[in-house]
Amino acid sequence: GDILGEMGDLVISLTECSAHAAYLAAVETPGAQPASPGLVDRYKVTRCKHEVEHGCGVLKSTPLADMSPQLLLEVSQNMSKNLKFLTDACVLASERSKDKFAKEQFKLSVKCMSTSASAFLACVREVKTSPSELTRNRCILFSGPLVQSVYALVGFATEPQFLGKAATINPEGKAVQTAILGGAMSVVSACVLLTQCLRDIAQHSDSSSKMTEYRDRLKNSACAVSDGCNLLSQALRERSSPRTLPPVNSNSVN
């Protein structure tokens, strides 16, 4: 489980880094204009929203018997980290905004979220010290207002006027971007297949008749991950991909 979690974190980091590398390579092409940052980073606040929603979902779906102190601690810490980021981002946006309503609404959104978060985290602490179906149900009950307040905050914070100006990328730049992102997605899809195979092995470890099939799937998935990494490396190095386009600097042949 820990190894799969680490692999998942690595895949997320690889995807984020590849997306940024693809953007940097694309805006280096002639005629491209880089993006202008706004008051809010849409990707970062949206990811925080999903992390909060996921944390609440974990507590909803986990039976009381499986709610270990370690699980509750991890959920609380991850929740607090993401809520702090959302708070800091909105406070900064409020300070920088020139619109009177926006300044106040960012503050009110943070206040609403913080109040809901305090009530929810208090329930998490209670189920940790006094585990029962009653205290577990309180976590589920108070997770709803927290998720709704986060949705409202992020929905407001990601309105177009707060997001800056998108980059202008020509067809050549988009081709480079596609090549790099395609390589990254090859790694991601292969990792998904690998984790699905490991899940099936864990769930049917007593089924010796299927073990040969599982080993073949595991080997093929591992090879696909390796091939995807090679494809991504080539795309980053040459800014092209054999699956999408010829090298950018190659001369066309008539």
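Buried means under 20% relative accessible area, exposed means over 50%, and partly exposed lies in between, with a 1.4 Å probe and protein chains only. This is a predicted model, in which local features need pLDDT of at least 70 and side-chain atom pairs count only at pLDDT 80 or more, whereas totals for chains, interfaces and linings use all residues. Residues are numbered from 1 along each chain as its sequence is written, and side-chain values use heavy atoms, with hydrogens and water left out.

**Cysteines**

- The search of the whole structure finds 0 disulfides, a disulfide being a pair of cysteine sulfur atoms within 2.5 Å.
- C139 is in no disulfide, and its nearest cysteine sulfur, that of C123, is 5.5 Å away.
- C139 is buried, with a relative accessible area of 1%.
- C197 is also buried, at 0% relative accessible area.
- The closest cysteine sulfur to that of C197 belongs to C223 and is 12 Å away, too far for a bond.

**Nonpolar cores**

- A nonpolar core is a set of buried Ala, Val, Leu, Ile, Met, Phe, Trp, Tyr and Cys residues joined through side-chain atoms within 4.5 Å.
- The largest such core has 36 residues, and those with the most contacts inside it are M79, L83, L86, F106, F120, L146 and V150.
- Two or more residues of this core come from each of α2 (42–61), α3 (69–96), α4 (100–129) and α5 (133–157); helices (H or I, at least four residues) and strands (E, at least two) are DSSP runs, numbered from the N terminus.
- The most is given by α4, with 10 residues.
- L86 touches V45, C48, M113, V150, L153 and V154, not counting residues up to four places away in sequence; contact means heavy atoms within 4.5 Å.
- A second, separate core of 8 residues includes M7, V188, A190 and L194.

**Residue S221**

- S221 lies in helix α7 (residues 211–238) and counts as buried at 9% relative accessibility.
- Not counting residues up to four places away in sequence, S221 touches A190, L193 and L194.

**Largest pocket**

- A pocket is an open set of points on a 1 Å grid over the protein atoms alone, where a 1.4 Å probe fits, with protein on both sides within 12 Å along at least five of seven lines; lining residues have an atom within 4 Å of a point.
- The largest pocket holds about 2,000 Å³ of space, a volume being the space filled by probe spheres set on the points.
- Its lining has 47 residues, of which E16, D41, Y43, K44 and R47 are the closest to the centre.
- α3 gives the most to this lining, with 12 residues.
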